[in-house]
Amino acid sequence: METLNLLRSGQLAGSKRLKLECGLSEFPSEIFALADSLEILDLSNNHLRALPDEFERLKHLKIVFFTNNDFEAIPEVLSQCPDLKMVSFKSNQVASVGEYALPQKLRWLILTDNKIEKLPASLGSLSHLQKLMLAGNRLQSLPESMASCKRLELIRLSANQLTALPPWLFTLPRLSWLAYAGNPLCNADATHKPVLPDIDWAELTLGETLGQGASGVIYQGLWTTELAQKEVAIKIFKGEITSDGLPADEMAACLAAGCHDNLVNVLGKLNNEPQEKQGLVFSFIPPDYKSLGQPPDFDTCTRDTYSANTSFSLPVILRITKGIASA
C-alpha cells in the first residue's frame with residue numbers, strides 16, 4: 001500500500017518502473033499519470049481480471065508482469081502498446097488467447113501454468129519472438145503458423161497434452177532450448193523408471209540459500225546419518241508445475257543423466273518435508289568452483305550475461321566444450 005499511496009500523492013512522477021502488490025482487484029487509474037515515462041510495470045500477486053481500454057495510453061511500456069492474478073483471457077488492449085516486448089501472465093486462469101491480443105514487437109511471452117487449450121494462428125506473425133513459456137497448460141498442438149517464428153530460441157512445452165512434436169519445430173534456425181517433459185508423447189519412453197532413494201527431512205539441516213530458478217530454491221545443507229555427516233545441496237520445488245514440467249519429470253531427468261564428472265550428482269529425493277513439498281538432494285559443488293556467467297536479463301532474453309572484462313582462452317574453451325560433449 002505504501003507504493004500505491006506514493007503514486008496517488010504524485011511522488012512517483014517520472015518513474016520508469018512500478019511494482020504494486022497490494023491485493024488489487026481493479027487497475028489503478030493513477031498509473032496513467034506515468035504514461036510519459038513508465039517502461040516496466042509489475043502487478044503480480046493481485047486479483048486483477050481485466051485491463052481498462054485506457055491501458056493503451058502507456059505507449060512507452062516495454063515489460064509487464066501480471067503473474068498470479070485472475071485473468072481468464074489475455075486483454076486485447078495489450079496489442080495497442082507499440083513498444084511492449086515482454087509479457088507475463090504466469091499462474092492465472094487464462095483459457096484463451098485472442099488473435100489480436102499480442103503486441104507485434106513481443107520477444108518474451110510467459111503463459112506458464114494456465115488453462116490454455118489452443119493458441120492463435122497470429123502467434124506466427126510475431127517475428128521478434130525469442131522466448132516462449134507454455135508449460136503447464138492443456139495444449140494438444142501448436143499452430144502451423146509458428147514455423148514463421150524464425151527468431152525463436154527457447155520454448156517450454158512441458159506438462160501439456162501433446163502427443164507429438166510438430167516437424168517444423170526442428171527447422172527453426174535459432175532454436176537451442178526445447179523442454180517437453182510431462183506430455184503424453186513422453187510416456188512411450190517411460191518403460192523403465194529408476195527409483196531415487198528417499199532422504200528423510202529429519203536427516204537434513206538447511207543452511208543459506210545458494211540460489212533459485214523458475215522451478216525451485218536451492219539451499220546449502222548437511223545430511224547427517226548414523227554413519228557420517230555430508231555437505232549437500234538441497235533443492236525444494238516451488239510447486240507442482242515448473243517451467244520444465246513436473247517435479248517428477250526433473251527427477252527422472254536427473255536419473256537419466258547418470259553420474260559424470262561434469263554433472264552435479266543427485267543423491268536422493270526428499271521425504272517428509274514439513275509442507276509436503278517435493279525436492280532433491282545433490283552433491284555439494286566444491287567452493288573453488290565459480291559461475292562462468294550470470295542469468296539472462298531483459299535485454300539478452302535467452303542468453304547468459306557476462307561482465308565486460310570476461311574472456312576465455314582457447315584451451316579453456318576446448319576443455320569446457322569437451323566436458324559438455326562427454327556428459
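Domain 1 and domain 2 bury about 630 Å² between them, and 62% of this area lies on carbon and sulfur atoms. The model is predicted. The size of an interface is often given as the accessible area lost when the parts come together. In the domain assignment of the protein, domain 1 covers 8-186 and domain 2 covers 198-283. Their C-alpha centres are 30 Å apart. To the contact, domain 1 gives 13 residues and domain 2 gives 8 residues.

On the side of domain 1, the most area is lost to domain 2 by R156, A159 and A181, which together make up 38% of what that side buries. The residues of domain 1 that touch domain 2 comprise 6 nonpolar, 4 polar and 3 charged ones. What does the rule for salt bridges find across the interface of domain 1 and domain 2? It finds 0 salt bridges there. For polar contact, 1 residue pair is found across the interface, with both residues at pLDDT 80 or more.

The strands β10, β11 and β12 are described next. β10 spans residues 204-212 and β11 spans residues 216-224, while β12 spans residues 229-237.

| Strand pair | Sense | Bridges |
|---|---|---|
| β10 and β11 | antiparallel | 6 bridges |
| β11 and β12 | antiparallel | 9 bridges |

β10 and β11 make a hairpin, with 3 residues between the strands. In this pairing, L204 has W223 of β11 as its bridge partner. β11 and β12 also form a hairpin, here with 4 residues between them. The bridge partner of T224 is Q229, in β12.

Technical notes:
Residues numbered from 1 in each chain as written. Predicted model: local features only at pLDDT ≥ 70, side-chain atom pairs only at ≥ 80, totals over all residues. Heavy atoms only, no water. Domains from an automatic or database assignment. Contact = heavy atoms within 4.5 Å. Buried area = accessible area lost by both parts, 1.4 Å probe. Salt bridge = Lys/Arg side-chain N within 4 Å of Asp/Glu carboxyl O. Polar contact = N/O pair within 3.5 Å; in protein donor to acceptor, adjacent residues only side chain to side chain. Nonpolar A, V, L, I, M, F, W, Y, C, P; charged D, E, K, R; others polar. Pairing = 2+ DSSP bridges. Helix = DSSP H or I, 4+ residues; strand = E, 2+ residues; numbered from the N terminus.
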